[in-house]
Amino acid sequence: MHETSGTETSQSGRSRGFGLGLALLSALAFGGSGVAAKPLIVAGLDPLHVTWLRSAGAALVMLPVAWRHRALLLRRPALLLGFGLLAVAGVQACYFAALSRIPVGVALLIEYLAPALVLGWVRFVQRRPVSRAAAVGAVLAVGGLACVVEVWAGLSFDVLGLALALGAACCQVGYFVLSDRGGDDEDAVHPLGVIAYGLFFGALLLTLVARPWNMDWSVLAGSANMHGTAVPAVLLLAWLVLLATVLAYLTGVISVRRLSPQVAGVVACLEAVIATVLAWVLLGEHLSAPQVIGGAVVLIGAFIAQSSTPKAPRDVASGGTGDETHAKATLPAGRTGR
C-alpha cells in the first residue's frame, strides 16, 4: 500500500517536473517572438501584418496535423473555435490595438495580469481550491513585471486602450483555461489537434483585421537589421512561425495539462523577462537596475507558484489517501487523476 503510494507520488513528481520544463520552454519560445518580429517591423512591415504572417504560416505548417485530426471539427468544435478566437487571434489583436493608444509597458503589464485572473477563474467560477503559495507567486510575478516593463516610464490614461489591454489579458486566461479543458480524461483532445485548428481559425479571424492584401510583400525578399547584423527576413519569419508559434503553443498547451492553469499561468510571466533579456542580448536594448530586480522578483514568484501543491483533507470516510483526495479536488468536474 505504502509502496504503491510512493510510486504514484514519484510519478506525479516526474510529471510535474516535465510540465514545468515544458512551461519554461514555452515561455522561452514565446519570449523570443518580439526579438524576431521587431526587425521585421522596423524594416517596413505593419505589426498586424507580422502577426498575421506568424499565425498563417504556423497554420500552414500544422495543416497536415489538422487533416489527421479532422474528426475534432465535429467532436469538439466549440473548443477549437474558442482556442482560435481567444488564444490566437484575441490575445494578439487586442494587444496590438492597445499599443496604438497606451505605452508598451502598460499594455504588457495589464496583459500579464492574466495569472491573477486565472486564479480568480479557478477559485470563483470553477470553485476549485487555490493554494496560498500560488496566489503569493502571482502577486510577486505581477509586481516584478511592473519593474521589468518600467511601467512608471510613461502612463497615459486612455479608457479604450486600457480596456483593449485588459481584453488581451482575458483572452490569455482563455488560453490557459481552454488548454486545460481540452485535456479532460473522459473526452481528451490531442494537443496537436487543438493547436492546429486553433491556429487555422485564428489566422482566418486575423485576416479580417490585418487585411494582408495591403501588405508590402517585398520586405520578405530582403534583409532586416538585428543590432547591426543583416538577417534575411524569411529567416526571422521562420523563427516566428516554427519556434515562437508552433513550438511555443505546443509546449504551452501540454504544460498546462501537466501542471494546472493557475501554476502554468504564473510561470508564463517569465515570458516578459525572457523577452527583455533577449532584446538586451540580440537587439542591444540594455536593462536598467529596476528591470534586473523586477526579473528576479518574477523568477521568485514563478518558483513559489510552481512548487506549491494545494492541500486537501484526508478522505477518512472512504479510506482514501490524501493524494487521491487532492487529485479529485483540484481537477475540473468530470476529470479524475491522470
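Modeller: In this predicted model, the axes of helix 2 and helix 12 (residues 233–258) come within 9 Å and cross at roughly 150°.

Colleague: Why is helix 2 called roughly antiparallel to helix 12?

Modeller: Set the angle of roughly 150° against the cut-offs: under 35 degrees is roughly parallel, over 145 roughly antiparallel, 65 to 115 roughly perpendicular, and the rest oblique. The angle runs from 0 to 180 degrees between N-to-C directions, with axes fitted to C-alpha atoms over the stretch in contact. Therefore helix 2 is roughly antiparallel to helix 12. Their crossing is left-handed, meaning that the near helix is turned anticlockwise from the far one by less than a right angle; clockwise would be right-handed.

Colleague: Which residues of helix 2 and helix 12 meet?

Modeller: Ser33, Val35, Ala36, Ala37, Pro39 and Leu40 of helix 2 meet Ala233, Leu236, Leu237, Trp239, Leu240 and Ala244 of helix 12. Contact means heavy atoms within 4.5 Å. By class, there are 11 nonpolar, 1 polar and no charged residues. Nonpolar covers Ala, Val, Leu, Ile, Met, Phe, Trp, Tyr, Cys and Pro; charged covers Asp, Glu, Lys and Arg; the others, Gly among them, are polar.

Colleague: Are Val35 and Leu40 of helix 2 buried or exposed?

Modeller: Val35 and Leu40 are buried, as are Ser33, Ala36, Ala37 and Pro39. Buried is under 20% relative accessible area, exposed over 50%, partly exposed in between (1.4 Å probe, protein chains only). Buried residues make up 50% of the 338 residues in the chain.

Colleague: What makes helix 10 and helix 12 another kind of pair?

Modeller: The axes of helix 10 (residues 159–181) and helix 12 come within 8 Å and cross at roughly 65°. So helix 10 is roughly perpendicular to helix 12. This crossing is right-handed. Tyr175, Phe176, Ser179 and Asp180 of helix 10 contact Ala248, Tyr249, Gly252, Val253, Val256 and Arg257 of helix 12. They divide into 6 nonpolar, 2 polar and 2 charged.

Colleague: How many helices does the chain have?

Modeller: The chain has 16 helices and 2 strands. Helices (H or I, at least four residues) and strands (E, at least two) are DSSP runs, numbered from the N terminus.

Colleague: Where is isoleucine 274, and which residues does it touch?

Modeller: Isoleucine 274 sits in helix 14 (residues 270–282). Leaving aside residues up to four places away in sequence, isoleucine 274 touches Ala27, Leu28 and Gly31. Isoleucine 274 and alanine 27 are 247 residues apart in sequence, yet 7.4 Å apart C-alpha to C-alpha.

Colleague: What rules apply to the model?

Modeller: Local features need pLDDT of at least 70, side-chain atom pairs count only at pLDDT 80 or more, and totals for chains, interfaces and linings use all residues. Numbering starts from 1 along each chain as its sequence is written, and side-chain values use heavy atoms, without hydrogens and water.
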